[in-house]
Amino acid sequence: MITMTTPLSDIDLSALESAKVVDARGSACPGPLLEAKKGMGTVQIGQVIEIWSSDPATKNDIGAWSTKVGHAFLGYLPGEGYERVFVRRGK
Amino acid sequence: MSDPIALVLFSGTDDKLHAAATIAAGASAMGRPVNILVQFWALDAFRADRIGQDHGLASDAIRPGSTMTAAPAGSLPWAETFRQAKELGDVQIRACSASMSFLGIDQSQLDPMVDDVCGIATFFLDAETGPVVFI
């Protein structure tokens, strides 16, 4: 059974301090997912990374991946032509 | 532990290898072990001296007036996607021994991402608990 964490509000997301920003803008699937997985390995458990992607499917993909492998998907914020996706490292 | 997935790569065109690399990388990122057997035309594309070359497109894509490319804009080359999938997860890439002799090559002529050479029984020993996808 897979349980999703409840995404944070936009205000809470804006206030997050990300330990790392993964800029995957312009990269096609599965690029942003691979970049996110790589980036997650560089932060500590409990820290947050944000992934920038211009692929609108990335936020759902990152959500599915996080849930599957044990990270917390926190939500996403719109940027200019891209989205900022936030994940807290869980393991 | 998630169920493993097995891919058999047969076609050697860039579009099919791109699709296969995407499936392998996605499955690997989601925590599934990936067993890949590379045979025939796909194996030819994995030769160290050819892997970076243009391998063309499947016949489906080569229609008169078609301007299709092998992959969407912003995609990594398929070989790089396979390399990253290996770096990030449990991905085994093996060359089919019969295809090796068919092509008249040995492992030293293949890209180093190919882990070893095996027969079909060895491949199925690892692949027996998950689906097998033929591309």
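A polar contact, as I use it today, is a pair of N or O atoms within 3.5 Å; within protein, one must be able to donate a hydrogen and the other to accept it, and residues adjacent in sequence count only if both atoms are side-chain atoms.

Hello everyone. This is a predicted model, so local features need pLDDT of at least 70 and side-chain atom pairs count only at pLDDT 80 or more, while totals for chains, interfaces and linings use all residues. Residues are numbered from 1 along each chain as its sequence is written, chains are lettered from A and ligands numbered from 1 in the order in which they are written, and side-chain values use heavy atoms, with hydrogens and water left out.

Let's start where the chains meet. Chain A and chain B bury about 1200 Å² between them, 67% of it on carbon and sulfur atoms; buried area here is the accessible area (1.4 Å probe) that two parts lose on being put together, summed over both. On chain A's side, A:Leu34, A:Lys37 and A:Lys68 supply 42% of the area buried against chain B, more than any other three residues. With contact meaning heavy atoms within 4.5 Å, 14 residues from chain A and 14 residues from chain B take part.

And how many residue pairs are in polar contact across this interface? The rule finds five, both residues at pLDDT 80 or more. The elements of chain A that give two or more residues to this side are α2 (31–40) and α3 (58–69), and α2(A) gives the most, with five residues. Helices are DSSP runs of H or I, at least four residues, and strands are runs of E, at least two, numbered from the N terminus.

Now a couple of backbone details. The peptide bond from A:Cys29 to A:Pro30 is cis, with omega near 10°, and A:Pro30 sits in the loop between β1 (20–23) and α2 of chain A. Over in chain B, B:Phe40 is not a glycine, yet has a positive phi of about 45°; B:Phe40 belongs to helix α2 (residues 40–45) of that chain.

Last stop, back in chain A: A:Leu16, in the loop between α1 (10–15) and β1. Leaving aside residues up to four places away in sequence, A:Leu16 touches A:Leu8, A:Val48, A:Leu74, A:Phe86 and A:Arg88.
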